[in-house]
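Dear colleague,

I am handing over the structure we spoke about, together with some notes on what was found in it. Please have the coordinates open while you read.

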Amino acid sequence: MTDANKILYLGNDINTDDIIPAKRGTNDDPDHLKQYALEHIIGVGELLQYDEIEAGNNFGCGSSREIAPIALKAAGIKKVKARSFAEIFYRNSINIGLPLEIIGETEQNPVVEAIATAGGLMAFNQKRRQGEVKIPPSVTPARPMTRVEKMLAKASGNDYVKPGEGVFAKIDLALSHDAVASSVAKVFYENYGKTAQLWDAQRVVLVADHFIQINDIRIDNKAPVMYEQMVKFAQAQGCHLFDLVSPGEAAGICHVLLPEKGFIRPGMIIAGTDSHTCTYGALGAFSTGVGTTDMANIFAMGDMWIRVPPTLVFELSGTLPPQISAKDIILFILGKLGCGGATSKVMEFRGSIIEQLPLDERLTLANMAIECGAMCGLIAADEVTNHYVTSRTPIGFEDAIADPDAEYEAVYKFDLSHLEPQVARPPKPDQVVNISQLEDVPITKAFIGSCTGGKLYDLAQAAAVLKDRQVAQGVDLFVVPASMEVRQKAEELGYLAIFEESGAQLLKSGCGACINSGKGVLDKEETGVYATNRNFKGRSGDPTAKNYLASPRTVAISAIKGKITANLD
């Protein structure tokens, strides 16, 4: 793994939970973070002896947390070389001045070079505000464009763009939450002045959802401070704030809440300090995760730099078998592509299967596009989309339509008529098998919740299974409605009563166990099956635990049977 030149050699798909575990995220002091960089791979403090990292494909996949490159840089890493980088990690590193090298790449990117030459994004934008530098113009000639290329061309003021080129795109909506917003505010004020104002307060939404329950499972004095600082910033700036509705309870998890509240419309450009911001592509928006520095600059400038992504098309056809859900579909695709199969690309979902899916299920597909490395999971707006959006907001929208001869990097065609329930083995969400191929796996915990698995449709799947049945002895089943609206509707439909009668534990809305920050986390050596989106080591509990991913229905059946199964008989 090492040599005399103090280079640390790593493999493929090194994720941000590997680089810095989520539970370290309540302290953004670089001197603190550097001690825990790569702790689950090489041990606490061990990275301090290295100068460089050389890795394989998809380095930095997973979360959008900027503390990952910050931790590496603070530990003394002077360069990270890899065959490819996850897009958000790539941008975060460029923004803070951590040198990266893509092994074998020779193509130059004028925007990336301009930012690097200036000393990072903050320095570039300061010079830009003073008129000392300008955004390098696009020189792309007339060409047919995809849906996303058209969105980004319009947002960047260009007639045409092409995959790989860097542009600065105007943002229609910016999202942050309590795990990051206080750090964004700090960077914003430090660099743009103590009296700096948001470029447009009505285009900024802050949500309390991530670390609000962390003290239910361990003492963390910094998490409440981060939350309070976010609230204070929102009040000072006059932006939208979805605060706690009661102690430890969110109005909703951001990626479910924002569509509910009418903030998401087709054709929008959306940035959020969360990798699952890709969810909003289900409504025809281009939405992607960003880091702290990106968001601080968005707060000031109203735009962000981005490399125009190529698009992969997924034609999903056939008739979906009964009891098969969008979670099974996206796990199946993950198993085919791998965690790096769509790195820095858009995954556009089409076909008769999409037409059959309700909006909640479309959100699940788009939500987990990031697990394939994608910047956004996209579904073109149709009658389902239009009905949902117009029922949530009176604001009109203008959708983008791809040119008939637009170029796509690849087109995948899957007939899903015979798809069976899918399960992802630990420690990666692409370790997917048909459930019939899974060995016998007893469990002690099961979890239905998160932005991926806590929507109303998800709870309906679980309730149908749990009605008149009991959770197995020795198994704890946790159910977390993803928003207060979901909770209210689930109560009206009788789902909550079914959960309680089955022996499940109903928890408050919030991200909670999904990011190791609330009840339902796995303890040492435990095994569980979760309807969440990631099963990296230590992601949802102790690093020695094993977390399998499955659909809400499969999780509910497994809780009844005491082992991972989709068979109710």
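Leaving aside its neighbours within four places in sequence, which residues is Arg539 in contact with? Before the answer, please keep in mind that this is a predicted model. With those sequence neighbours set aside, the residues in contact with Arg539 are Asp17, Arg65, Ala513, Cys514, Ile515, Asn516, Asn533 and Arg534. Arg539 is found in the loop between strand 21 (527–530) and strand 22 (546–549), and it counts as buried because its relative accessibility is 4%, where the cut-off is under 20%.

Turning to the sheets, five strands make up an open sheet with parallel pairing, and their order is 8-7-6-9-10. Strand 8 (240–242) and strand 10 (286–289) are the edge strands of this sheet, each of them pairing on one side only, and from one strand to the next the twist averages 15°. At one end of that order, strand 9 (residues 269–272) pairs with strand 10 in the parallel sense over four bridges, and Gly272 has Gly289 in strand 10 as its bridge partner. Helix 12 (residues 292–301) lies across strand 6 (173–177), strand 7 (204–207) and strand 9, and its direction makes an angle of about 135° with strand 6.

A further pairing involves strand 5 (residues 166–170), which is joined to strand 11 (residues 303–307) by five bridges, the two strands running antiparallel. Within this pairing, Gly166 stands opposite Arg307 in strand 11. Four of the five residues of strand 5 are buried, so this strand is largely enclosed by the rest of the structure.

Finally, some notes on the aromatic residues, for which the count comes to 17 aromatic pairs. One of them is formed by Phe59 and Phe85, an edge-to-face pair with 6.1 Å centre to centre and 80° between the planes. This pair links distant parts of the chain, 26 residues apart, with Phe59 in the loop between strand 2 (52–54) and helix 4 (67–74) and Phe85 in the loop between strand 3 (79–82) and helix 5 (87–96). Both Phe59 and Phe85 are buried.

Another aromatic pair, that of Phe188 and Tyr189, is tilted, with 5.5 Å centre to centre and 50° between the planes. Is each of its two members buried or partly exposed? Phe188 counts as buried, because its relative accessibility is 0%, whereas Tyr189 is partly exposed, with a relative accessible area of 24%. Phe188 and Tyr189 also belong to one aromatic cluster, which they form together with Tyr192, Phe233 and Phe299.

With kind regards

Definitions and conventions
Residues are numbered from 1 along each chain as its sequence is written. This is a predicted model: local features need pLDDT of at least 70, side-chain atom pairs count only at pLDDT 80 or more; totals for chains, interfaces and linings use all residues. Side-chain values use heavy atoms; hydrogens and water are left out. Two strands pair if DSSP finds at least two bridges between them. Axes are lines fitted to C-alpha atoms, for helices over the stretch in contact, and angles run from 0 to 180 degrees between N-to-C directions. Contact means heavy atoms within 4.5 Å. Buried means under 20% relative accessible area, exposed over 50%, partly exposed in between (1.4 Å probe, protein chains only). Rings of Phe, Tyr and Trp (its six-membered ring) pair if their centres lie within 6.5 Å; planes under 30 degrees apart count as stacked, over 60 as edge-to-face and the rest as tilted.
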